[in-house]
Amino acid sequence: MSRPDDPAPVSLNWRTRWALRRNRILGSRKFQDWAARTPVFRSVARRKAARQFDLVAGFVYTQITYIFVQSGLIGFLGNSARTEAEIVRFLDFPQDAAARILKAGAALGLAESPQRDLWTLGVVGAALSANEGAMAMIRHHALFYRDLSDPFALLKDRGAARSELSRFWTYAPKSAEDSQQPAPYSELMAATQPMVWQQIIGRYSFGSHRRMLDIGGGSGTFVAAVGAHTPGLDLGLFDLPEVVPLAHKRFAGSELEKRVTLHAGSFRTDPIPAGYDLVTLIRILHDHDDDVVQALLAALCESLPVGGKVLIVEPMAETRGAEGMGDAYFGLYLWAMGSGRPRSIHSYVEMAQLAGFSTSKAVPTPLPIIAKALVLTK
Ligand SMILES: C[S@@+](CC[C@H](N)C(=O)[O-])C[C@H]1O[C@@H](n2cnc3c(N)ncnc32)[C@H](O)[C@@H]1O
């Protein structure tokens, strides 16, 4: 019998009916046993089982990787072959603990033992050793995982949690930190920026512009990379007053000093500097809630000449083949930070239209899991 406060029954469309039917089959023990025994389905069943195990064990893999990076073992192995005794001394672990973590790392491709009692990096470890940005993120994740240690509490109480990430990102509206302090996040951003600019420099025609303003440009890594690639372009960088001195320090005495104009301010409260025909937003918008992003896009549209452009570059939701990066990873990361959400290209196109831009065009990037790009034209 239905009660007065029961919601009205919802009619199911074909996609929902199909999902329910598929899930009944996939969730049936009988079907799973049959698939595992049947030659054509066996490899699919094994792949699905391995994927399910990755979900079960993901945190353990992450912590093994964290030990390799945080202890410096990745660098210690570097291009060398080390004996187990050397590694025990380096890690300062009991011998059996070092042996256990080496084997764990070998199972994940971080290390390998090509001959008895000698260890080198494995294929995953060798690739990681060349990626300072990824290693900086792995170290940084210690904060995020502490916030996630009680995921129920975090999800139920975003504002009151005073999470470690909201303290780290001092511009997050609920940050408890004194935002006059030099921003701790700028170092992390500088370390991870090369993997982002590699997605867009050489793919977007910066040379077709006269003056570029990088909003939220941090200590200037992106501006420096564009400046080196596009000699004739005048450059500007806009960031919070506590961050701009870091950019000043980077450019002082360098060849770029005269080409880069630094603007200190907040895009929440201050006008956008005028006179630029390209504005770049590199890993900026996803950190902010919809009202802030919508107001910023409208202010940018106002500040640009007709035909001027905004280039948005950041990891986005609904990226085919990297769905987990968007709504799972960034969804929870930004939740813990207390600000923003991952958005799809489609939502940015809608927001841009509302802000007054006349067209939006996606620019393909080589690794969309790192960043996608969208150009808005006034
Ligand atoms: C996630 S970091 C990205 C930095 C840089 N664009 C990059 O990709 O390495 C966000 C940047 O936006 C800046 N920012 C945040 N809120 C801001 C605001 N209201 N006004 C100006 N800059 C802001 C931060 O200081 C920081 O440098």
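A residue counts as buried if 20 or more other C-beta atoms lie within 10 Å of its own, as exposed if 12 or fewer do, and as partly exposed in between, with the C-beta atoms placed from the backbone. Keep that in mind as we walk through this predicted model, where local features need pLDDT of at least 70, side-chain atom pairs count only at pLDDT 80 or more, and totals for chains, interfaces and linings use all residues. Residues are numbered from 1 along each chain as its sequence is written.

Six of the six residues in β8 are buried. K309, L311 and V313 point one way, while V310, I312 and E314 point the other way. In a regular strand, side chains alternate between the two faces of the sheet.

Now look at the partners of β8. Two strands pair if DSSP finds at least two bridges between them. Strand β7 (residues 278–282) runs parallel to β8, with five bridges, and V279 sits opposite V310. To get from β7 to β8, the chain passes through helix α14 (residues 290–303), in a right-handed β-α-β crossover. That means the path from the first strand over the helix to the second runs clockwise when the strands point away from you. With strand β10 (residues 372–377), β8 pairs in the antiparallel sense over six bridges, and here L311 stands opposite V375.

Methods
Helices (H or I, at least four residues) and strands (E, at least two) are DSSP runs, numbered from the N terminus.
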